[in-house]
Amino acid sequence: MASVLSCICMVFTMLIVMIFSSQAQLSSNFYDSSCPSALSTIRGAVSTAVSGEPRMAASLIRLHFHDCFVQGCDGSVLLDDTATITGEKTARNNANSIRGFNVIDNIKSQLESICPGIVSCADIVAVAARDASVAATGPSWTVNLGRRDSTTASRSLADSNLPAFTDSLSSLTSLFSTKGLSQRDMVALSGAHTIGQAQCVTFRGRIYNNASDIEAGFAAARRSQCPAASGSGDSNLAPLDLVTPNTFDNNYYRNLISKRGLLQSDQVLFSGGATDTIVNQYNRDSKVFRADFASAIVKMGNISPLTGSQGQIRRVCNLVN
């Protein structure tokens with residue numbers, strides 16, 4: 001009987017190890033020996049990119065988000081279409097919108113010359129997001145490393161797993177929940193919209209519908225750069241935060257309280273629902289917001305990473321080896 005119990009305990013222990021092994025293999029010092037200058041190289045390239053184009057900070061953070069929400073944080077978002085892969089770049093919420101690939105490619109090229117075949121594209125995306133936040137005066141956090149790169153991508157999953165600018169609060173909550181993220185994580189991560197810009201096509205419906213959840217003067221000001229006719233000026237840009245568009249702060253939440261959220265998916269976070277209390281707290285206390293944002297993005301960065309012998313370390317980020 002004792003031997004049977006011992007065997008059962010051993011099997012149970014092995015299952016627990018298998019379940020948590022992928023997360024356990026990620027560590028902040030993963031490249032300390034194999035590529036000691038990896039993090040400083042990424043930091044320097046991101047700093048240069050954001051200095052040359054402040055909008056790039058938001059783009060790099062968004063790239064990390066759009067990678068992790070599809071197949072996990074595996075660099076799949078970087079893959080081009082091929083005869084055997086239908087990539088994610090042309091998905092509904094990525095096409096003509098997601099950007100920053102040139103920065104990632106530049107970093108990868110530098111790292112391949114220093115320590116070839118060592119640093120994954122998925123890790124580059126994760127670290128670049130942290131360094132982009134810092135470059136925009138946002139919070140920093142410890143990035144867990146050791147992800148490997150996917151050999152597949154999925155446009156269909158990108159279409160279904162990425163939030164849309166018209167999503168309701170319940171839809172957003174459900175989507176984030178499937179990724180293991182709470183409503184608080186969702187509201188904190190949405191605060192990345194304190195920097196960056198959005199295309200007219202994503203907010204046209206909101207500024208022309210005369211709804212009660214948008215401040216009239218704000219809507220009128222946005223109409224000047226976003227014609228009512230569909231297809232006219234679709235790619236015209238407007239800052240997500242008019243006040244401090246290039247500074248990572250908590251003004252995003254003040255905008256929501258004032259009914260000046262540019263996207264419908266932003267404004268629903270303050271619309272009489274369960275997340276109003278969180279928005280109010282982040283508006284009052286920027287330190288709490290910054291801490292929660294850092295915590296949530298670390299949590300997001302742990303979504304289904306490939307580790308160990310899974311996947312590969314791509315030589316170039318847009319193609320499988």
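Me: Contact means heavy atoms within 4.5 Å. Which residues does phenylalanine 69 touch, leaving out residues up to four places away in sequence?

Reply: This is a predicted model. In it, phenylalanine 69 touches Asn161, Leu162, Pro163, Leu175, Phe176, Lys179, Leu181, Met300 and Ile303.

Me: What makes Phe69 stand out in the largest nonpolar core?

Reply: That core has 71 residues. Phe69 is among the five that touch the most other members, together with Leu78, Ile104, Phe293 and Met300. Helix α3, residues 56–68, gives the core its largest share, eight residues.

Me: Why is alanine 57 called buried?

Reply: Buried means under 20% relative accessible area. Alanine 57 has 1% relative accessibility, so it counts as buried.

Me: Where does alanine 57 lie, and what does it touch?

Reply: Alanine 57 lies in helix α3. Beyond residues up to four places away in sequence, alanine 57 touches Val50, Ala132, Ala136 and Ile195.

Me: How far apart are alanine 57 and asparagine 246, in sequence and in space?

Reply: They are 189 residues apart in sequence. From C-alpha to C-alpha, the distance is 8.3 Å.

Me: Why does asparagine 94 count as buried?

Reply: The cut-off is again under 20%. Asparagine 94 is at 1% relative accessibility, so it counts as buried. Its place is in the loop between α3 and α4 (101–114). Not counting residues up to four places away in sequence, asparagine 94 touches His66, Val77, Glu88, Lys89, Ala158 and Leu162.

Me: How do you know that the radius of gyration agrees with a compact globule?

Reply: Set the two values side by side. A compact globule of 321 residues would have a radius near 20 Å. The protein has 21 Å, so the value agrees. Its C-alpha atoms fill a box of roughly 70 × 55 × 40 Å along the principal axes.

Me: How many helices and strands does the protein have?

Reply: There are 14 helices and two strands.

Me: What share of the contacts joins residues at least 24 apart in sequence?

Reply: Take the contacts between residues at least 6 apart in sequence. Of these, 75% join residues at least 24 apart.

Me: What percentage of the 321 residues is buried, and what makes up the accessible surface?

Reply: Buried residues make up 48% of the 321. The accessible surface comes to about 14100 Å². Carbon and sulfur atoms account for 55% of that surface.

Terms used: Residues are numbered from 1 along each chain as its sequence is written. This is a predicted model: local features need pLDDT of at least 70, side-chain atom pairs count only at pLDDT 80 or more; totals for chains, interfaces and linings use all residues. Side-chain values use heavy atoms; hydrogens and water are left out. Helices (H or I, at least four residues) and strands (E, at least two) are DSSP runs, numbered from the N terminus. The radius of gyration is taken over C-alpha atoms; the globule rule is 2.2 Å times the number of residues to the power 0.38. Buried means under 20% relative accessible area, exposed over 50%, partly exposed in between (1.4 Å probe, protein chains only). Accessible areas come from the Shrake-Rupley method with a 1.4 Å probe; for residues, only the protein chains shown count as cover. A nonpolar core is a set of buried Ala, Val, Leu, Ile, Met, Phe, Trp, Tyr and Cys residues joined through side-chain atoms within 4.5 Å.
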